[in-house]
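Hi,

Here is the structure I promised to pass on.

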Amino acid sequence: MIQLLFTLMLSEMASIMLLLFRNPLRKLLIMGIDRAKRGRAPLVVKSVAATVFVIMIYYVYAVREIQTRPIESLNPTDQILLANYMLQASLMGFSLFLSFMIDKLHHYIRELRLLRKAMETAKKQNRSFEDNKSGGVEEVKGLGEEISTLRAKIKELEIECASKDNEVKSAETSLGALKSQSEGFLQEHARLQEENESFRNQLQSVDQGLTHSDGKKNM
């Protein structure tokens, strides 16, 4: 058990050293930890850590129980058990602490990588923005010239529209005059038709009187 705990502790220390400094094995270790945190592996690791913690608490309790005994009642076997329990509890606690450190280092390394990627993308966007800005100044100048020409055209169109409005108003007034004149012509035409009808009626009556008088003379 002690050899296993020593091996575990040394491997954890080696993992921490690999995570702290840049080396070819660092990426492989990070990839392995990433895969270990997927699926059911975190549940298994937590279960093992909880078991080790319970055993460590038991050893601490056993050490406390032996230490509370009177010194006269302790024999060499108790002293050996006390040293063994203290060593195993210390190794377990230190192993749990190192595993916690590995987890936090892995988390901080991932956050640092994400931060560096975000900074690189921000730098690229800033460069592209500056390039677009330098090209955008020329575009703004061209747009300003186009706006000035369009404003001049708008003024010309407004003047032309005002002249057209005046022409339309004059045409409307002339049309009103023509309408009134045509109405007068229609009234005059109606009056002339009435006079013509009256003249025809008078002529017919005169013709009838003449024919009637001629008939009487012949008789």
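Let me start with Arg116, which is partly exposed because its relative accessible area is 41% (buried is under 20%, exposed over 50%, partly exposed in between, with a 1.4 Å probe and protein chains only). Arg116 sits in helix α4; helices here are DSSP runs of H or I with at least four residues, strands are E runs of at least two, and both are numbered from the N terminus.

Before going on: this is a predicted model, so local features need pLDDT of at least 70 and side-chain atom pairs pLDDT 80 or more, while totals for chains, interfaces and linings use all residues. Residues are numbered from 1 along each chain as its sequence is written, and side-chain values use heavy atoms, without hydrogens and water.

Arg116 belongs to a positive surface patch with Arg22, Lys27, Arg113 and Lys117. Helix α4 gives that patch the most, three residues. (Patch residues have over 30% relative accessible area and no salt bridge; like charges are joined within 9 Å, nonpolar side chains within 5 Å.)

There is also a nonpolar patch of about 570 Å², made by Leu10, Met13, Phe94, Phe97, Phe100 and Met101. Both α1 (2-20) and α4 (76-218) give it two or more residues, with the largest share, four, coming from α4. Phe100, in α4, counts as partly exposed because its relative accessibility is 46%.

Finally, the unreviewed UniProt entry lists residues 6-22, 43-62 and 82-102 as "transmembrane region"; such annotations may be inferred rather than shown by experiment. In the model, residues 82-102 are 100% helix, with end C-alpha atoms 30 Å apart.

Cheers

Definitions and conventions
Areas by Shrake-Rupley, 256 points an atom, 1.4 Å probe, with all protein chains shown as cover. Salt bridge = Lys/Arg side-chain N within 4 Å of Asp/Glu carboxyl O. Lys, Arg positive; Asp, Glu negative; His and termini not counted. Charge placed at Lys NZ, Arg CZ, Asp CG, Glu CD.
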